[in-house]
Amino acid sequence: MADVVGFFKHFHDHVNSSLDDVTRKNFANLETNSKRIAYLSGLPLMKSYDLTPEVEKCKSGGEFPVNKRLEKARLFKDEGNREVQRGDWVKAMQLYSLSMIHMPKKETEELAIVLANRSAALNHLEQYEESLADIRRCLALGYPRHLRYKVYERRARCLLVLKRNQDAVKAFQDTISSLDEAKNLNQEKKQKLRTDAKLMLEVLNKGLVLAGNPKDPKPINKIVPKPKLPGKHNVNYPAASEAIQIDHDETKGRYASASRDIQVGETLLIEKPHSGVLLAEYAATHCQNCFAKCPIPLGCPTCPNVVFCSDQCQEVALTSYHAYECPILPLIWKSGCSITCHIALRMITQDSKQHFKELTKDLDKKPIGPYKSNDYRNIYNLVSHEGKRTKQDLLHRSHMAVFLVKLLELSGYFDTKPRETLIDIDEIKTMGVAERYRDDVELFGGLILKNIQVLQFNAHEVFELQCSKARLEQNVIKHNGDSVFVAGAVFPTLALFNHSCDPSVVRYFSGPYIIVRSVKNIKKGEEVAENYGPIFTMTSKEERQATLKDQYWFDCTCEPCQQNWPRYDQMNETYMRFRCDSGQPCPNVLPVAHDCTEFMVKCGLCQQFTNILKGLKALQDTEVMYRLGRAAMEEGKYGEALKKLVEVLKLYDSTLAPPYKSYYDCVQDLRRCMLSFGNFSIA
């Protein structure tokens, strides 16, 4: 529930030790999440609990109350200017970014100047689209009129490089007219700039007339496009392919199966999270909204704690969840609460109070129509095992929900609008919530407690590949990168997929979207399973079963568990595991020694013969193809490598039955290939 560090553990221990037997009994008799939170939140010990000593003692997790500091912003700006003098444009750009992030909202002119400075650095780094974006932003903030000639001229030069000549004409015209306001520019420099701009205008206009006044090329959109599912969607589960159906039975609950034969390599699901949260340690380097790395960040106008990769991501965050979380984010981080607890809160802050008030009328009814990822009711109805929980478990989670409800009050959420003033330190001298919000405590406390329970079994880690820098004349070799956990999220459709210790799919991320692809052939009617952590090739059956029982509360009955398959390092390579190919459906596996001289092998189950010569020929082809796939991978040609590895797996699948080493070598390489198409950053 909470990390060892942070003040929540102290709060939890204090509450736990202060509850008498009568209070515990009263809590144990409560039957709904709403009543549990309303009861706990109203206890005198909550109202008298003072958070201030713990918060003031905790130095990590950002400053509280939230504050932007002008002196810090100016310090970074001055350092950036010094780097410009040295000619280090990369460092200058980074320092100007830090200055922007710390610049108070009211200092619009100074912020505009820092943006203009960063646009100059970006122009020198040949990041022309990004330079233009900063010029647009600095002008919108009221960049000083006597300096505007600089950014207009820079804009014109960037547009020339991008061959956007019609726009460049307008920018040079703006340069000329803005020179009239350049009060501090000496006459000689002014005249030179005017002459140069007029000359460029003449050349541009002549060129445009000769070319027949062509339209400018469209600006390059550097935002990663939303990934699209190839082929048809499942009508009822639109995030999934039509190759996937969702079934239900008493033991498995809901699960995914193949509605037709699925080929290795197929994309089976693309889903945006219902809700996701970036880990605190990546808040300064990755986009708070889409989790992408931000080399050229945008900040929040009111706090220095988060960054965004684009105006679009910034707008989404500032008009929804971050508007409420901005003043309370350091409290979340300082508490040491887990990422799932933060997601439980984000699931509320991303929508309005009114939205949930309307939803609560029919929360327990499953929505009619297509299963939508953005419908909270689909999350609410995921497995939470509330009935199996001990009273102590519910009490522990309720402590966290009470804390998160207090944060909602502080954020202004209960008043339906984000607060405009800083949180006063005196406001955290009580964990009690004002009496006028009694109904809100019951409603939202109940929802948060439910979210915490659901997320325990249904949240996913969001990861990216962190790769080392490319050397001269060499690609970034992504398959050598490390998968690093950067965020947590809940994907409602993927949450319906069950676990296998030998999963049939791999998942990776494109921005916040999860992409799920098959890494083996799956026959119609077979379950399509993902993996919740332990994989049979790496971990013994006993360890896997113990982990799954402890974390997810079920006994795994997948094939590797039922048949106690060996780990990768224990696989017997002295014989091959041929599939029975008797012409009739037979599940038997025929172990054939490598030095076998017989070509017709009798099956002990169906008593028919299998001709293994055809299989041996196919296996010869796999060796050549696998080498070609590996070679393409080493060169960073992942599309080409993928095709070869898919062919290898198809040949293996038609001949041999896993587990055996060469099959899992190929699956692992295919997985690495697929991961290279997802989010990555250069370390």
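Start with contacts in the chain between residues at least 6 apart in sequence: 68% of them join residues at least 24 apart. This is a predicted model, so keep that in mind. The chain has 683 residues, and 52% of them count as buried. It holds 25 helices and 15 strands. The C-alpha trace spans about 100 × 80 × 45 Å along its principal axes.

Which residues of H23 are buried? Gly615, Ala618, Leu619, Thr622, Gly629, Ala632 and Met633. They cover an arc of only 130° around the axis, and therefore lie on the same side of H23.

What do the buried residues pack against? Strand E11 (575-579), helix H24 (638-655) and helix H25 (661-675).

Take the H24 partner. The axes of H23 and H24 come within 8 Å and cross at roughly 160°. That makes the two helices roughly antiparallel. H23 passes H24 in a left-handed crossing. On the H23 side, the residues that meet H24 include Asp621, Met625, Tyr626 and Leu628. On the H24 side, among them are Tyr638, Lys644, Leu651 and Tyr652. After H23 comes glycine 636, with a positive phi near 80°.

Two other helix pairs next. H6 (residues 70-86) and H8 (residues 108-124) pack at an angle of about 25°, with axes 11 Å apart. That makes H6 roughly parallel to H8. Their crossing is left-handed. H6 makes the contact with Leu70, Arg74, Lys77 and Asn81, and H8 with Glu110, Val114 and Asn117.

The second pair is H3 (residues 33-41) with H20 (residues 438-458): the axes come within 7 Å and cross at roughly 115°. This crossing is right-handed. From H3, the contact residues include Asn33, Arg36 and Ile37. From H20, they include Gly445, Gly446 and Leu449.

Last, the backbone. Most residues other than glycine have a negative phi, and most peptide bonds are trans. Here are some exceptions.

Where are the cis bonds I want to show? One runs from phenylalanine 64 to proline 65, with omega near -5°. Proline 65 sits in the loop between helix H5 (52-57) and H6. Another runs from proline 658 to proline 659, with omega near 10°. Proline 659 is in the loop between H24 and H25.

Then positive phi. Lysine 163 has phi near 60°, and it is not a glycine. Its place is the loop between helix H10 (148-161) and helix H11 (165-178). Buried or exposed? Lysine 163 is exposed, at a relative accessible area of 60%.

Glutamine 607 is another non-glycine with a positive phi, about 65°. It belongs to the loop between strand E13 (600-602) and strand E14 (609-611). Glutamine 607 is partly exposed, with a relative accessible area of 43%.

Technical notes: Residues are numbered from 1 along each chain as its sequence is written. This is a predicted model: local features need pLDDT of at least 70, side-chain atom pairs count only at pLDDT 80 or more; totals for chains, interfaces and linings use all residues. Side-chain values use heavy atoms; hydrogens and water are left out. Buried means under 20% relative accessible area, exposed over 50%, partly exposed in between (1.4 Å probe, protein chains only). Helices (H or I, at least four residues) and strands (E, at least two) are DSSP runs, numbered from the N terminus. The arc is that of the directions from the helix axis to the C-beta atoms. Contact means heavy atoms within 4.5 Å. Axes are lines fitted to C-alpha atoms, for helices over the stretch in contact, and angles run from 0 to 180 degrees between N-to-C directions. Angles under 35 degrees count as roughly parallel, over 145 as roughly antiparallel, 65 to 115 as roughly perpendicular and the rest as oblique. A crossing is left-handed if the near helix is turned anticlockwise from the far one by less than a right angle, and right-handed if clockwise.
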